[in-house]
Amino acid sequence: MSPLPSDAPVAELPGDALRERAVDQLRSELGDALVDTLVKPGDDVWVRVRTDAWRAAGLALRDALGMDFFGYLSAIDWMPSPFGRGEDDPTQPPVERETAIVQGYTGGDTRFQMLARVSNTSRHYGITIKTDVPDDELTVQSWIPAYAGANWHERETHEMFGINFAGHPDLRNMYLPTGFEGYPLRKDFPLLARHVKTWPGIVDVEPLPGEPADEATETPEGEAAE
Amino acid sequence: MSDETVLGDRQKLAYIASQAADARLNVELETEGMTLNFCPQHPATHGTLRIVCRLDGEQVVWAEPSAGYMHRGYEKLTEVRTYPQVTTLVNRIDWLGSFANEVPFILASEKLMGIEAPPRAQHIRTILFELSRIANVGLFLGDLGVQMGAVTPVFMAFRDREYVLNLIEGATGGRFHPNFDRIGGLKEDLPKGWIDETRGVMRKLRKFCDEMETLLFGNEIFQARTRGIGVIPKDIALQYGLSGANLRASGVDYDLRRDHRLPMAWDKVDWKVWTHPDGDSFARCWVRLMETRESTLIVERLLDTIPSGPIMAKVPRIIKVPAGEAWVSTENPLGEMGYYVISKGDLGPFRVKIRSASFNNISIVPWVLRGVLVPDIITILASLYFILGDIDR
């Protein structure tokens with residue numbers, strides 16, 4: 001039998017030194033196009049690159065850092081949802097909500113950010129990479145020349161966030177019907193199920209028969225940590 | 001002699017040979033093209049995937065899968081759920097291995113909260129994770145026969161999967177959608193007698209694997225229809241982000257259970273990662289068979305070393321996850337499944353990116369189907385093994 005179970009020794013464990021080295025290597029490849037980095041000890045590494053270096057970063061990750069495994073590619077809409085978590089009581093006056101756009105790890109300046117992850121299958125660590133998408137023109141370079149698998153992910157991101165990919169051959173919709181208006185994963189796209197019917201959590205606060213009103217809301221769910 | 005160049009050359013030669021044969025055929029028989037619609041209801045599609053193929057004679061010159069018949073928008077729905085509620089949703093992504101879908105999300109939330117489940121909970125999680133792999137891949141092995149006209153294996157698979165589902169039901173209360181994993185541990189401890197019963201079932205499942213190996217993998221028709229068909233070289237597989245058995249069948253020795261440090265119990269026991277150098281349909285099926293057998297051994301060894309102690313860490317009654325971002329992925333039955341969770345310190349996640357294995361595994365279909373013959377479409381699709389809920393999410 002030729003195919004035998006692999007006895008290859010496990011390569012060096014994903015350590016912070018490995019991640020630090022990856023960041024240094026990426027900086028030497030990209031120069032000042034690498035805007036911000038974050039290495040969380042014992043966890044993971046995040047980098048943010050300039051928008052015009054998005055494809056160059058993909059190629060550098062693949063060729064210089066040996067990130068051969070394509071994980072995923074998507075986007076983030078950092079605008080807080082104007083609908084909150086969709087649990088508003090329609091009989092009450094509208095709630096004041098946070099509107100400031102605050103980005104997460106490695107910062108940013110724009111409402112939309114690209115998010116991708118690639119991994120190194122021989123050294124067993126991965127890297128999460130982000131880039132800003134300019135607010136006035138929602139276009140970034142396509143990653144297909146670096147990772148062929150980005151094709152479908154970019155189509156998905158295009159229909160869900162309305163971000164265009166320069167150099168993508170075919171940005172047809174994957175899920176939604178052709179001609180669908182709006183971009184469902186944007187925060188200002190309402191989740192209709194929560195608008196046509198009130199969230200039952202609001203309705204069910206009446207006390208059960210025979211129970212005093214103040215105890216009914218305090219009934220433990222039985223799932224409490226012991 | 002380095003292994004890598006030998007394997008690479010072998011795959012490349014197989015690919016070049018098939019391309020050369022295609023080119024010859026195209027010159028000899030030039031016919032008018034036709035379009036073949038693999039409709040959403042085709043049995044080979046495990047759900048509702050439509051594939052449009054452009055044919056030249058018996059040969060596919062262009063193929064494009066059209067997903068989206070089952071898109072449920074889980075990424076949007078997670079934004080209006082609390083953390084404990086999300087597991088109910090993500091259970092339904094890969095519905096044959098439901099428990100395995102919950103684990104990476106729970107691990108990501110625990111990472112953000114800075115807590116870890118107690119050792120006993122980690123152990124039981126890993127056991128249930130492997131049981132869902134056996135239930136999932138066991139059905140795949142049976143289904144494989146049906147795609148090639150053999151009806152017996154599927155009955156055997158359904159028969160033996162029932163034992164595993166009974167175990168999952170015994171421990172969690174749910175056959176298909178357990179929703180058993182909690183942030184900080186598990187809902188309940190194992191019921192009395194469950195461990196002994198599991199040992200018996202694992203022996204049965206190993207017998208099932210042996211049966212499959214002789215009945216199906218030793219079958220001449222099966223070999224003729226899968227060997228050298230649908231070859232995916234290593235570099236292409238990695239570029240498309242193929243994962244799980246599909247990647248290991250192309251000779252990449254990469255298994256997240258072994259290669260990533262997760263608060264799970266896989267590193268507590270001894271087991272093997274199976275790979276195959278060929279990258280064809282047969283290799284993909286073979287790796288899955290070996291993995292199912294290996295899973296039964298993992299479960300048995302984990303049962304022997306199960307520690308005592310609590311099954312739930314101290315967590316607040318109302319779970320608020322501190323602001324931050326975390327990525328956790330695990331080696332699910334179908335491949336790498338992960339969640340990128342962004343929290344803003346609220347009751348529910350701000351955004352969850354779900355990386356499901358089948359989405360990437362199927363994105364290679366236009367590449368791999370180019371140049372194959374019509375009957376091979378079915379075996380290639382079956383060997384890539386996808387579940388529609390896992391593509392569309």
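In this predicted model, helix α15 of chain B is followed by B:Y385, a residue whose phi is positive, near 55°.

Two packed helices are described by the angle between their axes and the distance between the axes. For helix α12 (residues 281-304) and helix α15 (residues 374-384), both of chain B, the angle is about 30° and the axes lie 9 Å apart. The crossing of α12(B) and α15(B) is left-handed. On the α12(B) side, B:S281, B:R284 and B:C285 make the contact, while α15(B) contributes B:T379, B:I380, B:S383 and B:L384. Sorted by class, this meeting of α12(B) with α15(B) involves three nonpolar, three polar and one charged residues.

Another helix of chain B, α7 (residues 194-217), holds B:T198. Leaving aside neighbours within four places in sequence, the contacts of B:T198 are with B:L167, B:V299 and B:L303. The chain also brings B:T198 to 9.8 Å from B:I168, C-alpha to C-alpha, although 30 residues separate the two in sequence.

Around B:A108, once neighbours within four places in sequence are set aside, the residues in contact are B:A326, B:W327, B:V328, B:Y339 and B:V341.

Chain A has an architecture of its own, with six helices and seven strands. Followed along the sequence, these elements give the pattern α-β-β-α-β-β-β-β-α-β-α-α-α. Of the 226 residues in chain A, 34% are buried. Among the contacts in chain A that link residues at least 6 apart in sequence, 62% join residues at least 24 apart.

The two chains also touch each other: 39 residues of chain A are in contact with 42 residues of chain B. On the side of chain A that touches chain B, β3 (69-77), β4 (112-120) and α3 (150-161) each supply at least two residues. Of these elements, β3(A) gives the most to that side, with six residues. By class, the residues on this side of chain A divide into 22 nonpolar, 11 polar and six charged.

The model as a whole scores ipTM 0.81 and pTM 0.83. For chain B, the mean pLDDT is 85, and 92% of the residues reach 70 or more. Residues 1-5 of chain B have a pLDDT below 50, and this stretch has one contact in the model beyond near neighbours in sequence. Where pLDDT is low, the predicted coordinates should not be read in detail.

Note on methods: Residues are numbered from 1 along each chain as its sequence is written. Chains are lettered from A and ligands numbered from 1 in the order in which they are written. This is a predicted model: local features need pLDDT of at least 70, side-chain atom pairs count only at pLDDT 80 or more; totals for chains, interfaces and linings use all residues. Two residues are in contact if their C-beta atoms, placed from the backbone, lie within 7 Å. Helices (H or I, at least four residues) and strands (E, at least two) are DSSP runs, numbered from the N terminus. Ala, Val, Leu, Ile, Met, Phe, Trp, Tyr, Cys and Pro count as nonpolar, Asp, Glu, Lys and Arg as charged, and the others, Gly among them, as polar. pLDDT is the predictor's confidence in each residue, from 0 to 100. Axes are lines fitted to C-alpha atoms, for helices over the stretch in contact, and angles run from 0 to 180 degrees between N-to-C directions. A crossing is left-handed if the near helix is turned anticlockwise from the far one by less than a right angle, and right-handed if clockwise. A residue is buried if 20 or more other C-beta atoms lie within 10 Å of its own, exposed if 12 or fewer, and partly exposed in between; C-beta atoms are placed from the backbone.
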